[in-house]
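User: I've got a model open and want to talk through its helix packing and a few residues. Can you walk me through it?
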Amino acid sequence: MSKVSVIISREFLTRIKKKSFIITTLLLPVLMVVMMVLPIYIAHHSEKVCTVFVLDENDYFLNQFHNTSKVKFEFPSGELEDMQQRCINGECDAVLHILKGNQSNRANLFFSEDPPLSLKSDIGEQMDEILFDRALQKEFNLDIKKYKSIKDLSHSDIQTLQIDENGQAKEKMVEMNRIVGMVCGMLIYFFVFMYANQVMRSVIEEKSNRIIEVIVSSVKPFQFMMGKIVGVALAGLTQFVAQIILVVALLFSVQLIVPELVAGDEATTEVVSQTGTAFDGAMVASDADVFGDISAFYSFPFSTLLLCFLFYFIIGYLMYASLYAGVGSATDNETDSSQLVLPISLPLVIAIIVIFMGLSPQSEVVRWLSFIPFTSPIAMLYRIPSGVPLWELLLSCGILVVTFLGCVWFAAKVYRIGLLTYGKKVTWKELFRWLRM
C-alpha cells in the first residue's frame with residue numbers, strides 16, 4: 001500500500017503544481033462570476049426611462065397609457081413633423097403615431113436612435129389592454145374593475161401531492177425534483193468523463209515517453225493503475241472544491257461592494273403593494289402558496305441525495321477511470337484510443353439523452369437504466385429526488401459495486417499487458433484475448 005500512496009502523491013502533486021492547473025482554478029471562478037454579474041450590472045446601469053410622445057389621430061388612447069419603470073408617456077399637442085423634429089433634437093426617445101381608423105389599433109413608432117428591444121412590446125401590451133377594456137365596456141357593458149377582480153379571484157392553484165404507502169399525502173415540487181435530478185446527472189456526466197479522460201491521457205503520455213517502463217520495474221501494474229486513478233481524482237476534487245469556495249467568496253464580495261445588484265426592483269415592489277391593497281384575499285392566498293412551497297422545499301431528500309451523489313460519483317468514476325486507464329495502456333495515441341473509448345462512453349451519453357427527453361423518473365425506461373451499472377450513476381440520481389424504494393436503491397448500488405470490481409479486474413489484466421505493447425493497433429477482440437493470458 002505504501003507504493004500506491006507514493007503514486008497517488010506523485011500524481012496529485014504533479015497536477016496541482018502545474019501552471020495550467022493553478023490558472024484554471026483561479027480563472028474559471030472569476031469568469032463564472034463575471035458571466036453571472038455582468039449582465040445584471042449592464043441591465044442596471046444601461047437601462048433608462050424612455051420618453052415616448054403619443055399622437056393619437058382618434059383621441060382613443062388619450063391619457064390612457066400609464067408610465068412604468070421603463071417607459072414614460074407624454075401627450076403634447078402638435079403635428080407629427082414637429083414631434084419627429086423634437087425626437088431628433090433629443091426631447092424624447094420615440095414618437096408613437098396612432099393612425100386614424102375605426103379599429104384604432106394601427107400605429108407607427110418613430111425614433112432617431114435605436115430604442116430598447118422591449119419598448120415596442122411594452123407599448124403593444126398596453127395598447128392591447130386598453131383596446132380589450134374598451135371592448136368589454138362597449139360590446140358587453142362590463143365594469144372593468146369588477147372584471148379584473150373576478151379574473152384574479154378565479155385564478156386556479158393546483159398543488160402536487162404524493163401519496164405514500166400509508167395513504168398519507170405529502171406536497172412535492174415535481175418540476176424542482178426533475179431539475180435537481182438533471183443537474184446531478186449532468187455533474188456526474190462531466191466529472192466522470194473529464195477525470196477519466198485525464199487518466200487515459202496521462203497513461204498514453206507516459207507510455208509514449210517510455211517513462212512507464214521505469215515505473216513498472218518497481219511497481220506492480222495494478223498498483224500503478226489504482227494510484228494514478230485515485231491521484232487524478234483527488235486533484236480534480238481539490239480543484240472543484242477550491243473553485244466553489246472562490247465562486248462563493250467572489251459573489252459575497254460583489255454583494256458587499258455593489259449591493260444594488262441583488263436589490264429588488266422598486267417598480268415591482270410598488271405594483272405588488274398596490275395589488276395587495278386592492279385584493280387582500282388574493283395576497284393571503286399567495287402567501288399560503290409561498291409557505292407551501294417552502295414546506296415542500298424543506299421536505300426535499302437532501303441528505304439522501306448528497307450521500308447517493310457521493311457514492312455514485314466515486315464508484316462511477318473509479319469504474320470508468322479503470323476502463324479508460326486500460327484503454328490508454330493498450331494504445332499509443334489518442335486517435336486510436338477514441339475508437340475503443342466510444343463503446344465505453346456510449347451508455348452515459350444514452351442516459352443523458354433519456355433524462356433530457358423529459359421522461360418521468362418513474363417510467364420503465366428510466367427505472368431499468370437506474371439498474372444498469374453503466375447508466376445508473378445518472379439515471380438513479382435523476383430518480384432519487386422524486387422518491388425511490390429502498391430495495392431498488394440498494395440493488396442498484398450493489399450491482400454497481402460488483403460491476404466496478406469486474407471492470408477493475410478487466411482493466412488490470414489489460415493494463416498489465418498493454419503497458420509494454422507498442423506499435424500495434426489493438427482491437428476489442430485483442431483485448432478480450434489478453435484476459436486469457
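Analyst: Start with a pair of helices: α1 passes α8 in a right-handed crossing. A crossing is right-handed if the near helix is turned clockwise from the far one by less than a right angle, and left-handed if anticlockwise. Helices here are DSSP runs of H or I with at least four residues, strands are E runs of at least two, and both are numbered from the N terminus.

User: Before we go on, what kind of model is this, and which pLDDT limits apply?
Analyst: This is a predicted model: local features need pLDDT of at least 70, side-chain atom pairs count only at pLDDT 80 or more, and totals for chains, interfaces and linings use all residues. Residues are numbered from 1 along each chain as its sequence is written, and side-chain values use heavy atoms, with hydrogens and water left out.

User: Back to α1 and α8. What's the angle, and how close do the axes come?
Analyst: The axes of α1 (residues 2-16) and α8 (residues 221-257) cross at roughly 40° and come within 7 Å. Axes are lines fitted to C-alpha atoms, for helices over the stretch in contact, and angles run from 0 to 180 degrees between N-to-C directions. α1 and α8 are therefore oblique to each other. On the scale used, under 35 degrees is roughly parallel, over 145 roughly antiparallel, 65 to 115 roughly perpendicular, and the rest oblique.

User: Which residues of α1 and α8 meet?
Analyst: From α1, Lys 3, Val 4, Ile 7, Ile 8, Glu 11, Phe 12, Arg 15 and Ile 16. They meet Gln 223, Phe 224, Gly 227, Lys 228, Val 230, Gly 231, Val 232, Leu 234, Ala 235 and Thr 238 in α8. Contact means heavy atoms within 4.5 Å. By class, this α1 and α8 contact has 10 nonpolar, 4 polar and 4 charged residues. Ala, Val, Leu, Ile, Met, Phe, Trp, Tyr, Cys and Pro count as nonpolar, Asp, Glu, Lys and Arg as charged, and the others, Gly among them, as polar.

User: What about α4 and α5: what angle do they make?
Analyst: Roughly 110°, with the axes of α4 (residues 118-140) and α5 (residues 144-153) coming within 10 Å. So α4 and α5 are roughly perpendicular to each other. Glu 129, Phe 132, Asp 133, Leu 136 and Gln 137 of α4 make the contact with Ile 144, Tyr 147 and Lys 148 of α5. That contact of α4 with α5 divides into 4 nonpolar, 1 polar and 3 charged residues.

User: And how do α11 and α14 pack?
Analyst: At an angle of about 175°, with the axes of α11 and α14 10 Å apart. That makes α11 roughly antiparallel to α14. Leu 305, Cys 308, Phe 309, Tyr 312 and Gly 316 of α11 contact Ser 376, Pro 377, Met 380 and Leu 381 of α14. The contact of α11 with α14 holds 7 nonpolar, 2 polar and no charged residues.

User: How many residues of α14 are buried?
Analyst: 8 of its 8: α14 (residues 376-383) is mostly covered. Buried means under 20% relative accessible area, exposed over 50%, and partly exposed in between (1.4 Å probe, protein chains only). The buried residues include Arg 383 and Tyr 382.

User: Switching to single residues. Is Ser 322 buried or exposed?
Analyst: Buried, because its relative accessibility is 0%. Ser 322 lies in α11 (residues 302-330). Leaving out residues up to four places away in sequence, Ser 322 touches Met 225, Ile 229, Cys 407, Val 408 and Ala 411.

User: Where is Pro 29 found?
Analyst: In helix α2 (residues 19-46). Pro 29 is buried, at 1% relative accessible area. Again without residues up to four places away, Pro 29 touches Thr 24, Gln 243, Leu 246, Val 247 and Leu 250. Pro 29 and Leu 250 are 221 residues apart in sequence, yet 8.1 Å apart in space, C-alpha to C-alpha.

User: Now Lys 120 and Asp 114. Buried or exposed?
Analyst: Lys 120 is exposed at 67% relative accessible area, and Asp 114 is exposed at 70%. Lys 120 sits in α4. Asp 114 is in the loop between β4 (107-110) and α4.

User: Last one: what's the overall picture?
Analyst: The protein has 16 helices and 6 strands. Of its 437 residues, 39% count as buried. Among contacts with a separation of 6 or more, 69% join residues 24 or more positions apart.
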